[in-house]
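Reader: I have a multi-chain model on my screen and would like to learn how to read it feature by feature. Could you walk me through it?

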Amino acid sequence: MSENEIDILLVDDSPDDVELTLHALRTENLANRIFVARDGEEAMDFLFCTGPHAQRSFDRPPKLVLLDLKLPKIDGLQVLREVKGDARTKNVCVVLMTSSREERDMVSAYNLGANSYLQKPVDFDQFRKMVKLAGLYWLVVNRPPLSNVVPHPAGQVK
Amino acid sequence: MKSMHDLLIVDDNPADIALAREALIACAYKGQVNSVGDGAEALAYLCRRGNYADAVKPDLVLLDLNLPKRDGLAVLAAMKANPELRRIPVVIFSTSQLSTDISRSYELGANCYVSKPGNLTEFFSMMKSIEEFWFGSVSLPPRGE
Amino acid sequence: MSSPATQLVKPASAEPKTQLRALLVEDSEADAELVLRALRKNDFDVSAVIVQDEAGFARALRTHCPEIVLADYNLPDWKGMEALNVLRRQDLDIPMILVSGALGDVTAVECIKQGATDYVLKDGLARLPEVVRRALRDKYERGLRHQAEKDLAKKADELARSNADLEQFAYVASHDLQEPLRMVAAYTQLLSERYKGKLDENADKFIGYASEGAIRMQVLIHDLLAFSRVGRAEASYSTVDCNEVLEEVRQTLASAIAECAAIVAHTDLPAIWADRTQMTQVFQNLIGNALKFRGKEAPEIFVHAEKAGQQWVFSVKDNGIGIAPEFAENIFVVFQRLHARTEYPGNGIGLAICKKIVQRYGGRIWVESQAGRGSTFKFTLPLQGPQAKEEAHQ
């Protein structure tokens, strides 16, 4: 599976939540190509095509990023800020999916340009339903932006 | 207890607005639906100017692109540039399938882009998906002042 | 505006006295006189100017506007052949006849190679009138041909522009038609659902007709758009493996294939230099049709390709309802389905699109079929593909 053909980037450090999310997405046949990043740094590497993900290219972004807020190394809001603040990545659909109930987290997220914000239900079943609905919405209903070809600051298209 | 949802539809085609309303009724949407027919009206409504002094800030905006007076992208840009409006999710709801329109919408901060389907069944099903996701799953930002 | 020197001269006919403006390059009065007499004796009404050098020649070209130049080969201050250079420099298509004393055959041929129209010896002036007539006639015919070519180019240009206009029109019309049509289709369907059985008995029927009409129109316009796009879009050529294309088509039509338990098989198909999308369209239309126009048995569709001279011949064979020979040409005509004659639903444009695509590649498409006996659709594509040479270095 080429690193460039990822449908969903799932950024979450909770193994249980990751498990549940993957299961929900797979049973709905929504996405085969899911990449899991366990911390903010890996998410950044992935989206900005650096470090271990230097082979990736900016013009094949994931169709959807499911992003948790509380992450090791670099937290979700920071990732969001960077992604939405850079012309090469700002069009990527980023959906926050978090257990945080803080209103200010939500407001910040929307202000930073999060495409939408989901609060993880405590109930497993509800959680699954939410993931399924989100997956369906962002992968089927939504029209994602197409090739995101923006010149690399160094002058070359990556 | 959460207050009723409020949806603003911005579309210059009254037939499409009526269709959207029918679709929302069909999927048991219990919230409010308001509509305006052009870009200038949309911004007046959102900024509560003139006739719209008593308008309620919507929880979600369904925005068509081809609008008279100020087109959809201009409305979008204005919304996302305004600190009081930028957090309101905007769903572009347009017949255009041009990749330039889609890209441009995302660049200006649209939350998502949905193509208006050509046939009734799909239209209804599309509205249902929108309603279910945005009013069923999503945590919407507080309306604020 | 053409200068008099390049105007067409009617060839000498049975009419007496052909008018002729001649420019003689000759230093001997006597020789000039002989030349003029030879012409005048033969029904030429010559008005002549005689010059001996380049300056005089150039001046006379301007003032006399000759229709023919008669030049001596050897002059004290000039060479007759030099006159050709002057004519060429001024881009004048005036026949030049060398009139000379002894001129070796080799020299004569050389002169003609260098552009002299003909040559006549001074002691063979009897030939001169005929030579002149022939020269003038040739020039006239050249003029006609040139004019015809210009007309043809102009017509081709107009045709191209007209085609472009038509395609543009088709695109715009179908694009702009989609909006109001969407309204009609949606609301007739809504009426149909909402008021079924609630109005009088005719209402359901009427609304049904309106609704079906609208939906059919939507399909037609969608197809019209697709058809006009074949002309508009830039094709992007690459090496296309037709086996892969066929697999893709098989996947796209998977549910239709499963529904009628069809078998779609193919021999090893070639890789060709083509636009992948267009090739996919062609195969998808042909196989889709084979599925649609099936007979009572499960469809068996067989795709084959073979080389025939400088082209590939592809064939798509089915065991469906077949086509009576008298309709074999019609089915490729765009909009034939507007006068829908069959009870099979769907686009009337699929084959027209195939034809348009195949023709753009320089191929042809046809069907071999009998009613009730299945059909074999065949199309050819040049071996090298379109513009293969120019684009080979991408």
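Reader: Let me begin with contacts in chain B: what share of those between residues at least 6 apart in sequence join residues at least 24 apart?

Author: Two residues are in contact if their C-beta atoms, placed from the backbone, lie within 7 Å. In chain B, counting contacts between residues at least 6 apart in sequence, 67% join residues at least 24 apart. Keep in mind that this is a predicted model, in which local features need pLDDT of at least 70, side-chain atom pairs count only at pLDDT 80 or more, and totals for chains, interfaces and linings use all residues. Residues are numbered from 1 along each chain as its sequence is written, while chains are lettered from A and ligands numbered from 1 in the order in which they are written.

Reader: Thanks! How many helices and strands does chain B have, and in what pattern?

Author: Helices (H or I, at least four residues) and strands (E, at least two) are DSSP runs, numbered from the N terminus. Chain B has five of each, helices and strands, and along the sequence they follow β-α-β-α-β-α-β-α-β-α. As for burial, a residue is buried if 20 or more other C-beta atoms lie within 10 Å of its own, exposed if 12 or fewer, and partly exposed in between, with C-beta atoms placed from the backbone. Of the 145 residues of chain B, 43% are buried.

Reader: In what order do the strands of the chain B sheet lie?

Author: Two strands pair if DSSP finds at least two bridges between them. Here five strands make an open sheet in the order β2-β1-β3-β4-β5 (chain B), with parallel pairing. Its edge strands, each pairing on one side only, are β2 (32-36) and β5 (112-115) of chain B. From one strand to the next the twist averages 20 degrees. Look at β1 (residues 6-10) of chain B: four bridges join this strand to the parallel β3 (residues 60-63) of chain B, and B:Val10 stands opposite B:Leu63 in β3(B).

Reader: Which strands does helix α3 of chain B lie across?

Author: For directions, axes are lines fitted to C-alpha atoms, for helices over the stretch in contact, and angles run from 0 to 180 degrees between N-to-C directions. Helix α3 (residues 72-81) of chain B lies across β1, β3 and β4 (90-94) of chain B, and runs at about 180 degrees to β4(B).

Reader: How many residues does each side give to the contact between chain B and chain C?

Author: Chain B gives eight residues and chain C gives nine. On the chain B side, α1 (14-26) and α5 (120-137) each supply at least two residues, and α1(B) gives the most, with three. For classes, Ala, Val, Leu, Ile, Met, Phe, Trp, Tyr, Cys and Pro count as nonpolar, Asp, Glu, Lys and Arg as charged, and the others, Gly among them, as polar. The chain B side then has four nonpolar, three polar and one charged residues.

Reader: Moving to helix pairs, at what angle do α9 and α10 of chain C cross?

Author: Their axes, for α9 (residues 276-292) and α10 (residues 350-360) of chain C, come within 9 Å and cross at roughly 145 degrees. A crossing is left-handed if the near helix is turned anticlockwise from the far one by less than a right angle, and right-handed if clockwise. The crossing of α9(C) with α10(C) is left-handed. Among the residues that meet are C:Val282 and C:Leu286 in α9(C), and C:Ile353 and C:Ile357 in α10(C). The contact divides into seven nonpolar, six polar and no charged residues.

Reader: And what about α2 and α3 of chain A: how do their axes cross?

Author: The axes of α2 (residues 40-47) and α3 (residues 76-85) of chain A come within 9 Å, crossing at roughly 15 degrees. That is why α2(A) counts as roughly parallel to α3(A), the term for angles under 35 degrees, with over 145 being roughly antiparallel, 65 to 115 roughly perpendicular and the rest oblique. The crossing of α2(A) with α3(A) is right-handed.

Reader: Lastly, which residues of β10 in chain C are on its covered face?

Author: On strand β10 (residues 311-317) of chain C, the covered face holds C:Trp312, C:Phe314 and C:Val316. The uncovered face has C:Gln311, C:Val313, C:Ser315 and C:Lys317. Strand β9 (residues 300-308) of chain C pairs with β10(C) in the antiparallel sense over seven bridges. Two residues lie between β9(C) and β10(C) in this hairpin, and C:Gly309 in the turn has a positive phi of about 65 degrees.
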